[in-house]
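Student: I should like to learn how to read the features of a structural model. Could you take me through one?

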Amino acid sequence: MERFHHPQSGATTTNNSDLKRGKKRGSYNCGRCGLPKKGHVCNLTPSTTNTATTSPPTTDSSNSARCSTIDPSSHVHLRRALSFDDADDLRSGFHSDFDDIDEAEPVFDYPDIDPDSSGCLPASCLWEILRRLPPAGILSAARVCKGWRETTKKIWRAAEVLRLRVPPKAQFGFVGSLLQKCSGLVTLSLRLESDLDSMMLACIAFSCPNLEALEITKSQSSINRITGGELGRFVADKRCLKSLKMEGCSSLGSFSLCSSSLGTLWLSDLCSLSKMAFNCPNLKEISLEFSRHENDRTDLVAMVDGMVRGCPRLQNVHISSFRLSHAVVLALTAGQLRGLRMLSLVLGADITDASVASIASSYPNLELLDLSGSSISDSGIGMICNVFPDTLSRLLLALCPNITSSGIQFATAELPLLELMDCGMTICDPNSQDSTSEISDHELSKPPNSKFHLIYQKLIIKHNHLKKLSLWGCSGLDALYLNCPQLDDLNLNSCKNLHPERLLLQCPSLRNVHASDCEELLVGAIRSQLKKAASPEENLLSCKRLADGSKRIRVPPLVSSLSSDNGSKRRRVGSHHCNIHVC
């Protein structure tokens, strides 16, 4: 193996032949495990250390081709029925199989790397360092020396998960060459800032023969030019594909999807589809988001009818469109999807209480129901409570102007398993027409049909399992009383008429309170109540039991501080921190 020496001066180079060359010595450490060679017998045989290419690691942290972490806020187009996991922004989406990739700690079989060619670094150390680099860093590391170049090739071949951001001026050949390096790629996530066309889709199909999951998101300036025929051929050719998520599907026109392996399908920005055919017997989750334009002419009744016929194993259904109506609900319930657990029909102003009755009679085992933007009333909430008391854990009724505080209180009282409830923009002040940037004029133009919206309302909720409550935009709410021991996230954004003296929060587990666009007095009242709720736990530090454990007695502050610092002998007791978001 060649060694790279620093260049010497001219005087020394003339006498280089007269100098006695030193003896080349190998590394003093084992090239497999990194321990000193003297008196050491390595238990790792070459047969066990060369299995990285045949058994690549399956973890997100091992995706050596990860360019940059994509901000969750950039996925605003992929709005799903809310799963509300621990994301900060409560992002929308059904539970994704990729959210749990980091849970299992991988066990790597490190390749046999020559310590002389790796800069005398142990194989495990070099592998762990290089595999954490982004794609640009790995390409740069391959130029250092021959040993590093061979190691990067093995890292590319071992990568199973790739998250890549494609800049606007990136060449098509660069993306293709990068994908060809990852012969064992299983999961591919592309963030495109350039246009998407059939050449890119063909490159993915050719370079990733074992691809199981593909997610393509785009920036606002990029355009998705994929047609329905090209998408159908891609799905039909990729027989291993299990998950497909794509943004900006406004150029599809029509499509026909036929796949026996596809289990998850997310398509957004759909517009005026003339024909849709589904033949996916194993499809379990589908999300179809249509563009928010009134010129959309998609026949949703025919689409839903074909969907339930071609996908009999559906469990999660999400459809977002202004053209949702009671006829679409009837077509959905006629399919008798026995395994349906999550149903989300968003922005359907023509969905009424009759639609709720049809859903309740056909699917009594729902765990999530999202009817945001519909015209249901308190009567519809009563039907929901009568049918789903033992199964429903997430109820989303945002942008439903016919719902009052009485219906919300009834839902929390009759649904004991409820963990999440979204009632944003339901209790609104009719005199205030200011809205957030996320709500269109079409959604706010629907007048409320109930006389209770003419006066301010109060809301009293007592629930033992509720964890997340959203009341954003409820400007008609002037009094709020919460007694929820498990509540950890409360959204009060734009609750402008909520009086501080009529606010009572008995929520010891509260972690986050969102109070943007609220009065300063209300924010101060929230902060003071949370501080008072934490004070009883702090007083426990100044108390100590007698030797027989009979009762508590007060102890001097010095003794209390010493006992609290000894974390190895006593359990540390303290108040948790609650964040108040006002920006």
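Student: What is the mean pLDDT of the chain?

Tutor: This is a predicted model, so confidence comes first. Where pLDDT is low, the predicted coordinates should not be read in detail. Here the mean for the chain is 75, with 67% of residues at 70 or more. Over residues 537–541 the value stays under 50, and the model has 10 contacts there beyond four places in sequence. Residues 567–574 also stay under 50, with 8 such contacts.

Student: At what angle do helix 12 and helix 13 pack?

Tutor: Angles under 35 degrees count as roughly parallel. Helix 12 (residues 378–387) and helix 13 (residues 405–414) meet at about 5°, their axes 9 Å apart; the two are therefore roughly parallel. The contact includes Ile381 and Cys385 of helix 12, and Phe410 and Ala411 of helix 13.

Student: Which residues touch the most other members of the largest nonpolar core?

Tutor: In soluble globular proteins, nonpolar side chains tend to be buried together. In this model the largest nonpolar core has 122 residues, and Ile204, Leu267, Phe278, Met307, Leu345, Leu395 and Ile526 touch the most other members. Helix 9 (residues 300–310) gives the most to this core, with 5 residues. Leu267 touches, among others beyond four places in sequence, Leu231, Met246 and Phe255.

Terms used: Residues numbered from 1 in each chain as written. Predicted model: local features only at pLDDT ≥ 70, side-chain atom pairs only at ≥ 80, totals over all residues. Heavy atoms only, no water. Core = buried A, V, L, I, M, F, W, Y, C linked by side-chain atoms within 4.5 Å. Buried < 20%, exposed > 50% of the residue type's maximum accessible area, 1.4 Å probe, protein only. Helix = DSSP H or I, 4+ residues; strand = E, 2+ residues; numbered from the N terminus. Contact = heavy atoms within 4.5 Å. pLDDT = per-residue confidence, 0-100. Axes fitted to C-alpha atoms, helices over the stretch in contact; angles between N-to-C directions. Parallel < 35°, antiparallel > 145°, perpendicular 65-115°, else oblique.
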